[in-house]
Amino acid sequence: MLWPFNHFRKPRTPLRGTIEAIYGMIVTQAREPLFYRDFAVPDTVNGRFDLLLLHLWLVLRRLKSVEGGAALSQGLFDHFCNDMDDNLREMGVSDLKVPKRMQAFGEAFYGRTAAYDMALTEGREALAQAICKNILNGENIEKARRLAAYAEAAMTALDDIDEATLISGSARFPVPEKVQP
């Protein structure tokens with residue numbers, strides 16, 4: 001039986017499987033060894049985190065144009081936060097320190113995505129500078145330019161795929177070594 005006030009209920013969150021599939025796609029790409037070997041991304045906890053943030057930003061950017069994208073984006077961000085929380089606890093961070101670390105992750109996420117969004121309006125060199133600062137610790141601008149070219153190719157690839165493929169989590173990022181700066 002339908003209750004007359006069901007429309008006041010909180011909207012349904014996207015299916016957990018959808019969020020996990022999309023997040024899995026992001027994590028898989030961020031773990032691609034080529035980034036660490038050929039693009040000079042530091043193979044450290046911070047380097048891996050920063051590369052994950054770059055890929056998360058790319059997907060969240062694309063989800064803005066998808067029907068129901070706001071709910072998907074929120075679900076994806078929440079899943080990312082839960083994953084970071086779980087990782088901190090697995091690494092032995094105490095329960096008292098987890099909230100502070102999570103706050104730092106949030107600040108890093110919002111700071112980097114704002115920098116990448118602003119850089120997009122200024123062109124590839126600005127994006128390369130932002131990537132150099134945030135991922136490559138301010139060093140190796142040539143590798144940052146390659147990463148910026150990769151990010152632009154990834155944006156184009158994500159923009160070109162249909163919504164159903166994106167939402168299924170079966171979309172693929174471009175192969176990093178095939179992207180030309």
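Q: What is the relative accessible area of Asn-140?
A: Asn-140 has a relative accessible area of 39% and counts as partly exposed, a class that lies between buried, under 20%, and exposed, over 50%, with a 1.4 Å probe and protein chains only.

Q: Before we go on, where do these values come from?
A: This is a predicted model, in which local features need pLDDT of at least 70, side-chain atom pairs count only at pLDDT 80 or more, and totals for chains, interfaces and linings use all residues. Residues are numbered from 1 along each chain as its sequence is written, and side-chain values use heavy atoms, with hydrogens and water left out.

Q: Okay, so where does Asn-140 sit?
A: Asn-140 is found in the loop that lies between helix H6 (124–134) and helix H7 (141–160). Helices here are DSSP runs of H or I with at least four residues, strands are runs of E with at least two, and both are numbered from the N terminus.

Q: And what about its backbone, what is phi for Asn-140?
A: Phi is near 65 degrees at Asn-140, which is a positive value in a residue other than glycine. Most residues other than glycine have a negative phi.

Q: Which loop holds Ala-40?
A: Ala-40 belongs to the loop between helix H2 (33–38) and H3. Although Ala-40 is not a glycine, its phi is positive, at about 65 degrees, and with 31% relative accessibility this residue counts as partly exposed.

Q: Changing topic, how many helices and strands are in the chain?
A: The chain contains 8 helices and 0 strands, and reading from the N terminus on, its elements run α-α-α-α-α-α-α-α. The radius of gyration, taken over C-alpha atoms, is 17 Å for the chain, close to the 16 Å that the globule rule gives for 181 residues, so the chain is as compact as a globular protein of that length. That rule is 2.2 Å times the number of residues to the power 0.38.

Q: What box do the C-alpha atoms fill?
A: Taken along the principal axes, the C-alpha atoms of the chain fill a box of roughly 65 × 45 × 25 Å.

Q: And how much of the chain is buried?
A: Of its 181 residues, 42% count as buried.

Q: Last one: what share of the contacts comes from residues 24 or more positions apart?
A: Looking at contacts in the chain with a separation of 6 or more, residues 24 or more positions apart account for 63% of them, where a contact means heavy atoms within 4.5 Å.
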